[in-house]
Every structure is written in C-alpha cells, then in structure tokens.
Amino acid sequence: MNKYKDIGLKRTPQRLAIIEYLYDNFDHPTVDDIYADIRVKFPTMSLATVYKTLETLKEKGYLKELTIDKERKHFDPDTTRHYHLICIKCKKIVDVNKEFSIKIPIGDHNNFEVIDTNIEFYGICPVCKKRRT
Ligand code: ZN
Ligand code: MN
C-alpha cells in the first residue's frame, strides 16, 4: 500500500493515521485493532470513520479484506497474491511467503477459465502449541 497515493478521500489527520497504521502492517489487524490504536491519538474519532476509510481503501484496491477468520474480518495492506496460515486457537494469521501454486488437474476444470485461487491453511501456532503441552 502506498501511503502517499490519493485514496479518494479527504486527507484528514484521522484518515492519515489509519493509513499510517496499515502501512507495512503484516499482522492482519481487525477493525477493532485499528480503532483501538487510532483512538489513543484521536479519542473523538468514531468507529464509523474507521469503517468508511477501510471500505474506501478496499474499493480502491489498496486493502484486502480477509475472511479466513470466520468470527472477524481482518485487513491486509499487502494486496499481492499470497496465502495465509491461521491458528485455530488464537486466530493469529500469518503470511505464507513462498510462492507456489496449486493447480486443478486438467479435465477437472468443468470448462471454467480459472483466474484466481485463495488458499487457507489452518493449524496451531508455536505459542499455542507450547501452551498445550
Ligand atoms: Zn495460536
Ligand atoms: Mn497477508
């Protein structure tokens, strides 16, 4: 995400703070994470402003919405194609950085022209694994 690009919204300090927070943030924050952080600096900012800003960033293609966690949406400023690992215990989401592809075997395309894939991996993170033993 380029924080200096025109995001199609008036550049208020609150919105810039949201962009600043998301920039190079690979932790896949939720709306609540973002709101909690920005509120420290801007106590009067509403949750609606956060939603609106995220929605606009998403529409403009600067932000990806992740639905890997069934309970809460997470946001990812890295809009390049990459896959995720989610911990089924603490819901932590991390990137799979290596590039690889999974292909549908020829003959199983059902005449579709396949244009994209979204692969999610579920597991138990090292912290939760330690806690369990
Ligand atoms: Zn975990
Ligand atoms: Mn990611």
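**Figure 1. N111 in the loop between β4 and β5 of the predicted model**. Helices (H or I, at least four residues) and strands (E, at least two) are DSSP runs, numbered from the N terminus. N111 has a positive phi near 65° although N111 is a residue other than glycine. Most residues other than glycine have a negative phi. The relative accessible area of N111 is 83%, so N111 is exposed; here buried means under 20% relative accessible area, exposed over 50%, and partly exposed in between (1.4 Å probe, protein chains only). In this predicted model, local features need pLDDT of at least 70 and side-chain atom pairs count only at pLDDT 80 or more, whereas totals for chains, interfaces and linings use all residues; side-chain values use heavy atoms, with hydrogens and water left out. Residues are numbered from 1 along each chain as its sequence is written, while chains are lettered from A and ligands numbered from 1 in the order in which they are written.

**Figure 2. H28 in the loop between α1 and α2**. H28 is not a glycine, yet its phi is positive, at about 55°. With a relative accessibility of 1%, H28 counts as buried.

**Figure 3. The site of the zinc ion (ligand 1)**. The protein donors are C87 (SG), C90 (SG), C125 (SG) and C128 (SG), at 2.2 to 2.3 Å from the ion. Donors are N, O and S atoms within 2.8 Å of the metal (3.2 Å for Na, K and Ca); water is not among the atoms, so sites may look incomplete. The angles among the four donor atoms are 106 to 112°, and the site is tetrahedral, a term that requires all angles among four donors to lie between 85 and 135 degrees. The ideal angle for four tetrahedral donors is 109.5 degrees. Along the chain, the donors follow the spacing C-x2-C-x34-C-x2-C. C87 belongs to strand β3 (residues 83-87) and C125 to the loop between β5 and α4 (126-132), so this pair ties together parts 38 residues apart in sequence. C87 is buried, with a relative accessible area of 2%, and C125 is buried at 9%.

**Figure 4. The open sheet of three strands, in the order β4-β3-β5**. Its pairing is mixed, where two strands pair if DSSP finds at least two bridges between them. The edge strands, β4 and β5, each pair on one side only. On average, neighbouring strands are turned by 25° against each other, direction ignored; the axes are lines fitted to C-alpha atoms, and angles run from 0 to 180 degrees between N-to-C directions. Strands β3 and β4 run antiparallel and are joined by four bridges. L85 stands opposite V94 in β4, and H84 stands opposite D95 in β4. The hairpin of β3 and β4 has five residues between the strands, and K91 takes a positive phi near 70° there.

**Figure 5. The aromatic cluster of Y83, F100 and F121**. The structure holds two aromatic pairs; rings of Phe, Tyr and Trp (its six-membered ring) pair if their centres lie within 6.5 Å, with planes under 30 degrees apart counted as stacked, over 60 as edge-to-face and the rest as tilted. The rings of F100 and F121 have centres 6.3 Å apart and planes at 55°, so this pair is tilted. It links distant parts of the chain, 21 residues apart: F100 lies in the loop between β4 (93-96) and β5 (120-123), and F121 in strand β5. F100 is partly exposed, with a relative accessible area of 31%, and F121 is partly exposed at 30%.

Key:
Tetrahedral: all angles 85-135°; square planar, octahedral: opposite > 155°, others 65-115°.
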